[in-house]
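Subject: A structure for you to look at

Hi,

Here is the structure I promised to pass on to you. Have a look at it first, then read on for what turned up.

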Amino acid sequence: MNALAETGRVFTLAAQVARMSLTTRPQVRETVEQFWFIASVTILPAALVSIPFGAVIALQVGSLTRQLGAESFTGAASVLAIVQQASPLVTALLVAGAGGSAICADLGARTIREEMDAMEVMGISPVQRLVVPRVHAAMGVAVLLNGLVSTVGVVGGYFFNVIMQNGTPGAYLASFSALAHLPDLWVSEIKALIFGFIAGVVAANRGISAKGGPKGVGDAVNQSVVVAFLLLFFVNLVITAIYLRVVPPKGA
């Protein structure tokens, strides 16, 4: 029953955030401040993590294509794997792990100090004033961070394939342009946007539900990260399955 009630609270908060995003005045200053904070704690880790991700994918794909005699498709397979799957997931994990935990801790601290109750007494909606700007900031950072991770991952994959596996630069680029198309980038950005929304809502929900003093805030942060990770992987599976069904491969 607790899991069902928690799921209901998450969906209710998500609906409130979506409605208030369309019907209320945006909190520009708060959104910018939260955007800068989340970006400051995720940009460097994202760039550093994307390098080994791109390298591992390029090395593994290059090894497999050599065994199959399809080395000319190494570039396309590597770049598509990075752009469609690795980049949104790396972005989601960092936004949920670093940014989401900070959001949850901040809102949880405000909750146990009864600031949320005080805002409601004064007629101020905590969701509109505190939650919506943080969710918007998480979404914006996720979209921009996804572009950074894609770029660094593709450059890293190119370097490791061409330099370490003696691949051909022309074949790497030609295969990518032959098989990849613009919807591959769009679905990556859409994933990042949705993942940022999920990470922000889950973190905010656990933060405003924190109980039991500082220990309760710590427990809420841990729970928010775990729940967000599980939801992000599940949603990634659903979006990927729908995309592969709806968008035909290039040249098909």
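Helix α5 and helix α7 cross in a right-handed way. Please keep in mind that this is a predicted model. Two packed helices are described by the angle between their axes and the distance between the axes. For α5 (residues 126–164) and α7, the angle is about 145° and the axes are 8 Å apart.

Which residues make this contact? From α5 come Val 131, Val 135, Ala 138, Met 139, Ala 142, Val 143, Asn 146, Gly 147 and Ser 150. On the α7 side, the residues include Ser 188, Ala 192, Leu 193, Gly 196, Phe 197 and Gly 200. Sorted by class, the contact of α5 with α7 holds 12 nonpolar, 6 polar and 1 charged residues.

Now follow α7 to its contact with another helix. The axes of α7 (residues 182–208) and α8 (residues 213–246) come within 9 Å and cross at roughly 155°. Because of that angle, α7 counts as roughly antiparallel to α8; the cut-off for this is an angle over 145 degrees. The crossing of α7 and α8 is right-handed.

By class, the contact of α7 with α8 has 15 nonpolar, 4 polar and 3 charged residues.

There is also a pocket to explore. How much space lies in the largest pocket? About 390 Å³. Its lining is made of 17 residues, and those nearest its centre are Val 10, Phe 11, Val 202, Val 227 and Leu 231. The elements giving two or more residues to this lining are α1 (2–23), α7 and α8. In the lining of the largest pocket, 12 residues are nonpolar, 3 are polar and 2 are charged.

Last, the whole chain. The protein chain has 8 helices and 0 strands, and its C-alpha trace spans about 70 × 40 × 35 Å along its principal axes.

Enjoy exploring it!

Best wishes

Technical notes:
Residues are numbered from 1 along each chain as its sequence is written. This is a predicted model: local features need pLDDT of at least 70, side-chain atom pairs count only at pLDDT 80 or more; totals for chains, interfaces and linings use all residues. Side-chain values use heavy atoms; hydrogens and water are left out. Axes are lines fitted to C-alpha atoms, for helices over the stretch in contact, and angles run from 0 to 180 degrees between N-to-C directions. Helices (H or I, at least four residues) and strands (E, at least two) are DSSP runs, numbered from the N terminus. Angles under 35 degrees count as roughly parallel, over 145 as roughly antiparallel, 65 to 115 as roughly perpendicular and the rest as oblique. A crossing is left-handed if the near helix is turned anticlockwise from the far one by less than a right angle, and right-handed if clockwise. Ala, Val, Leu, Ile, Met, Phe, Trp, Tyr, Cys and Pro count as nonpolar, Asp, Glu, Lys and Arg as charged, and the others, Gly among them, as polar. On a 1 Å grid over the protein atoms alone, a cavity is a set of points where a 1.4 Å probe fits but cannot get out, and a pocket is an open set with protein on both sides within 12 Å along at least five of seven lines; lining residues have an atom within 4 Å of a point. Grid points are joined across faces, edges and corners, and a volume is the space filled by probe spheres set on the points. Contact means heavy atoms within 4.5 Å.
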